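Good morning, colleagues. Please take a moment with the sequence and the structure on the screen before we go through the chain together.

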Amino acid sequence: MPEQIRIAAIVGSHGRGSNMQAVIDACSSGAIAGRVELVVAPSDKSPALERAVAQGISSSVILYDPDSPESFDRQLVLLLEEHNIDLVILAGFMRRLGQDVVRAYSGRIMNIHPALIPSFCGRGMWGRNVHQAVIESGVRFSGCTVHFVDEQYDTGPIILQKIVPVEQDDTPETVAARVLEQEHKAYVEAVALFAEGRLTIQGRRVRIA
Ligand code: GRF
């Protein structure tokens, strides 16, 4: 591992960018041996992208056309190579990355999901839907999962999970807020472990040295 890893964050069109910000802040404080060198968004209206620009981070918009997702993937790989990126973090990006990107950066792309995978995940399970489903199911605990990205939604090897209680009077919003607090901690921890070279993928399992 280089002394300071070079990180790219892929944010969402509507994302606040709070996970991206948690990682940026942890890089500044030294908790992560790395730097967020690049932020990519699928739309120029992304609040997360504006947040990154305001902090002087290189940013790019690659428009996402659902009819030709390969074009997004191709441009993304070029950009990541150009910036010598060691680790890609998905932070609010709601699309599935294509095989070109996933293969080129195998074991070097992470995502965070606001539930305990393999429950409440997969296609359509994002944002409020996740927490609504959690409450309706009656589970007593929810949480978040940081995982490596493969070619499906939310199925890659799990790196870390954090747990929160689901209370009697919870709404999707109160669960989301409780989970988000843990997301920021989990993402920072997982990226720090990666930067220290302490993560190894063994089949479906991730070993932490
Ligand atoms: C988070 O809840 C994350 O788990 C999910 O998308 C949301 C992004 O939030 N993948 P933010 O833009 O990082 O605030």
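I begin with one side chain. In this predicted model, Gln21 is buried, with a relative accessible area of 12%; the cut-off for that label is under 20%. Gln21 belongs to helix α1, which spans residues 18-29. Setting aside neighbours within four places in sequence, the contacts of Gln21 are Arg51 and Gln55.

Let me now step back to the chain as a whole. The fold comprises 6 helices and 9 strands. The radius of gyration is 16 Å, close to the 17 Å that the globule rule gives for 209 residues, so the chain is as compact as a globular protein of that length. Along the principal axes, the C-alpha atoms occupy a box of roughly 50 × 40 × 35 Å. Of the 209 residues, 50% count as buried. Among contacts with a separation of 6 or more, 66% are between residues 24 or more positions apart.

As for the surface, the chain exposes about 10300 Å², and carbon and sulfur atoms supply 48% of that area.

Which of its residues are buried? They are Val130, His131, Ala133 and Val134. These residues cover an arc of only 160 degrees around the axis, which puts them on the same side of α5. In general, an α-helix has 3.6 residues a turn, so residues three or four places apart point the same way. The cover over the buried residues of α5 includes β5 (109-113), β6 (141-148) and α6 (172-195). After α5 comes Gly138, with a positive phi near 85 degrees.

Finally, I would draw attention to some backbone geometry. As background, most residues other than glycine have a negative phi, and most peptide bonds are trans. Here, Ile117 and Pro118 are joined by a cis peptide bond, with omega about 15 degrees. Pro118 sits in the loop between β5 and α5. Phe120 is also placed in the loop between β5 and α5, and although Phe120 is not a glycine, its phi is positive, about 50 degrees.

Where does Asn84 lie? Asn84 is in the loop between α3 (69-82) and β4 (87-91). Its phi is positive as well, about 55 degrees, although Asn84 is not a glycine. Asn84 is exposed, with a relative accessible area of 54%, whereas Gln21, where I began, is buried.

Notes: Residues numbered from 1 in each chain as written. Predicted model: local features only at pLDDT ≥ 70, side-chain atom pairs only at ≥ 80, totals over all residues. Heavy atoms only, no water. Helix = DSSP H or I, 4+ residues; strand = E, 2+ residues; numbered from the N terminus. Rg over C-alpha atoms; globule rule 2.2 N^0.38 Å. Buried < 20%, exposed > 50% of the residue type's maximum accessible area, 1.4 Å probe, protein only. Contact = heavy atoms within 4.5 Å. Areas by Shrake-Rupley, 256 points an atom, 1.4 Å probe, with all protein chains shown as cover. Arc of directions from axis to C-beta.
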